[in-house]
Amino acid sequence: MMVPVRCFTCGNVVAEHWEEFDERANEGDEDPEKVLDELGVDRYCCRRMLVSHTDLVDIVSPYQ
């Protein structure tokens with residue numbers, strides 16, 4: 001789960017791409033740039049949000 005849901009700069013929804021991006025780029029061997037291109041994330045600010053995001057929800061609330 002990605003928090004925040006929207007890009008801080010432009011307001012586009014970026015959370016809808018987070019799961020697939022995380023699986024393919026961060027945990028796999030695929031290049032993050034290619035993954036973002038395939039997902040259709042074109043704006044620099046949105047790309048930055050996805051690449052620099054660290055998922056803290058599991059650490060902050062371990063008892064779900």
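Student: How many salt bridges does the count come to here?

Tutor: The general idea is a distance criterion: a side-chain nitrogen of Lys or Arg must lie within 4 Å of a carboxyl oxygen of Asp or Glu. In this structure, which is a predicted model, the count by that rule comes to four salt bridges.

Student: Which residues are linked in a network of salt bridges?

Tutor: The network links E20, R24, E30 and E38. Within it, the side chains of E38 and R24 meet with N and O 2.2 Å apart. This pair links distant parts of the chain, since E38 belongs to helix α2 and R24 to helix α1 (residues 18-26), 14 residues apart. R24 also meets the side chain of E30 in a salt bridge, at 3.1 Å from N to O.

Student: Where does K34 lie, and how is its accessibility to be read?

Tutor: K34 is in helix α2. Its relative accessibility is 54%, so K34 counts as exposed.

Student: What is the angle at which α1 and α2 pack, and what does that make their relative direction?

Tutor: The general idea is to take the angle between the N-to-C directions of the two axes; an angle over 145 degrees counts as roughly antiparallel. Here α1 and α2 pack at about 150 degrees, their axes being 9 Å apart. α1 is therefore roughly antiparallel to α2. The crossing of these two helices is right-handed.

Student: Which residues make the contact of α1 with α2, and how do they divide by class?

Tutor: On α1 the contact is made by E20, F21, R24 and A25, and on α2 by P32, V35, L36, E38 and L39. By class there are six nonpolar residues, three charged residues and no polar ones. R24 and E38, both listed in this contact, are also the partners of the salt bridge at 2.2 Å.

Student: How is the packing of α2 with α3 to be read?

Tutor: Helix α2 (residues 32-39) packs against helix α3 (residues 44-52) at an angle of about 125 degrees, with 11 Å between the axes. α2 is therefore oblique to α3. Their crossing is right-handed. The contact involves E33, L36 and D37 of α2 together with R47, L50 and V51 of α3. Three of these residues are nonpolar, three are charged and none is polar.

Student: Which salt bridge does D37 form, and why does the pair tie together separate parts of the chain?

Tutor: D37 pairs with R47, with 3.0 Å between the closest N and O atoms. Because D37 lies in helix α2 and R47 in helix α3, the pair ties together parts that are 10 residues apart in sequence. D37 has 45% relative accessibility and so counts as partly exposed. R47, at 17%, counts as buried.

Terms used:
Residues are numbered from 1 along each chain as its sequence is written. This is a predicted model: local features need pLDDT of at least 70, side-chain atom pairs count only at pLDDT 80 or more; totals for chains, interfaces and linings use all residues. Side-chain values use heavy atoms; hydrogens and water are left out. Axes are lines fitted to C-alpha atoms, for helices over the stretch in contact, and angles run from 0 to 180 degrees between N-to-C directions. Helices (H or I, at least four residues) and strands (E, at least two) are DSSP runs, numbered from the N terminus. Angles under 35 degrees count as roughly parallel, over 145 as roughly antiparallel, 65 to 115 as roughly perpendicular and the rest as oblique. A crossing is left-handed if the near helix is turned anticlockwise from the far one by less than a right angle, and right-handed if clockwise. Contact means heavy atoms within 4.5 Å. Ala, Val, Leu, Ile, Met, Phe, Trp, Tyr, Cys and Pro count as nonpolar, Asp, Glu, Lys and Arg as charged, and the others, Gly among them, as polar. Buried means under 20% relative accessible area, exposed over 50%, partly exposed in between (1.4 Å probe, protein chains only).
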